[in-house]
Amino acid sequence: STAAAFGLRAFVGGLAIASGLASAGGDPLAVVLLAVAMESLWAAARLTILALLVPQPELERGRLFVVYAAALIPYALALGPVFQLGALAASGILTARGLEAAGASKATTRRAAGWAFGGQAAILMLGVAGRAVLALVASA
């Protein structure tokens with residue numbers, strides 16, 4: 001699918017641009033590469049969660065991949081942490097709409113997209129809260 005190919009290119013392009021900006025901003029190469037690896041692993045984890053929670057008879061795996069890949073388009077603009085969070089939310093919304101349009105039930109869509117995207121958002125928020133607590137403890 002053209003939309004899926006564009007979504008994958010947008011994801012990779014967004015990572016490349018964000019990496020270039022981070023490198024130009026003085027971030028060490030190891031930190032930049034770790035960020036790219038983590039974002040790529042999260043993308044793979046979201047797809048895996050969707051594949052586990054959307055029953056094969058309800059939506060064929062090839063169609064599931066096309067929906068998910070097309071929904072990666074917002075990552076073209078994920079040039080920093082705030083924009084990455086926005087891309088995650090937009091990608092989740094697009095994935096949910098795409099799953100329903102492809103034939104998945106509303107209940108399946110809510111459950112699968114909620115776990116895949118909401119799970120990552122919850123873990124990111126826990127990380128932010130943990131860093132805030134550590135900063136408060138360190139400053140005391």
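Trainee: What should I know before we start?

Mentor: The model is predicted, so local features need pLDDT of at least 70 and side-chain atom pairs count only at pLDDT 80 or more, while totals for chains, interfaces and linings use all residues. Residues are numbered from 1 along each chain as its sequence is written, and side-chain values use heavy atoms, with hydrogens and water left out.

Trainee: How many helices and strands does the protein have?

Mentor: There are 5 helices and 0 strands, and from the N terminus the order is α-α-α-α-α. Helices (H or I, at least four residues) and strands (E, at least two) are DSSP runs, numbered from the N terminus.

Trainee: Why is Ala-78 called buried?

Mentor: Buried means under 20% relative accessible area, exposed over 50%, and partly exposed in between (1.4 Å probe, protein chains only). Ala-78 has 3% relative accessibility, so Ala-78 counts as buried. You will find Ala-78 in the loop between helix H3 (61–70) and H4. Across the protein, buried residues make up 31% of the 140 residues.

Trainee: What does Ala-78 touch, apart from its neighbours within four places in sequence?

Mentor: Ala-78 is in contact with Gly-14, Ala-18, Phe-83, Gln-84 and Ala-87; contact means heavy atoms within 4.5 Å. The C-alpha atoms of Ala-78 and Phe-11 are separated by 8.6 Å, although these residues are 67 residues apart along the chain.

Trainee: What makes Lys-106 and Glu-100 a salt bridge?

Mentor: The term asks for a side-chain nitrogen of Lys or Arg within 4 Å of a carboxyl oxygen of Asp or Glu. The closest N and O atoms of Lys-106 and Glu-100 are 3.9 Å apart, and the pair forms a salt bridge. A search of the whole structure finds 1 salt bridge.

Trainee: Are those two residues exposed or partly exposed?

Mentor: Lys-106 has a relative accessible area of 51%, so Lys-106 is exposed. Glu-100 has 36%, so Glu-100 is partly exposed.

Trainee: What makes a space a cavity, and what makes it a pocket?

Mentor: On a 1 Å grid over the protein atoms alone, a cavity is a set of points where a 1.4 Å probe fits but cannot get out, and a pocket is an open set with protein on both sides within 12 Å along at least five of seven lines; lining residues have an atom within 4 Å of a point.

Trainee: Which residues line the largest cavity?

Mentor: They are Phe-11, Gly-14, Leu-15, Glu-39, Tyr-75, Ala-78 and Gln-84. Helix H1 (residues 2–24) gives the most to this lining, with 3 residues.

Trainee: And which residues come closest to the centre of the largest pocket?

Mentor: Of the 27 residues that line the largest pocket, the closest to its centre are Ala-35, Glu-39, Pro-81, Gln-84 and Leu-124. Elements giving two or more residues to that lining are H1, H2, helix H4 (81–102) and helix H5 (106–139).
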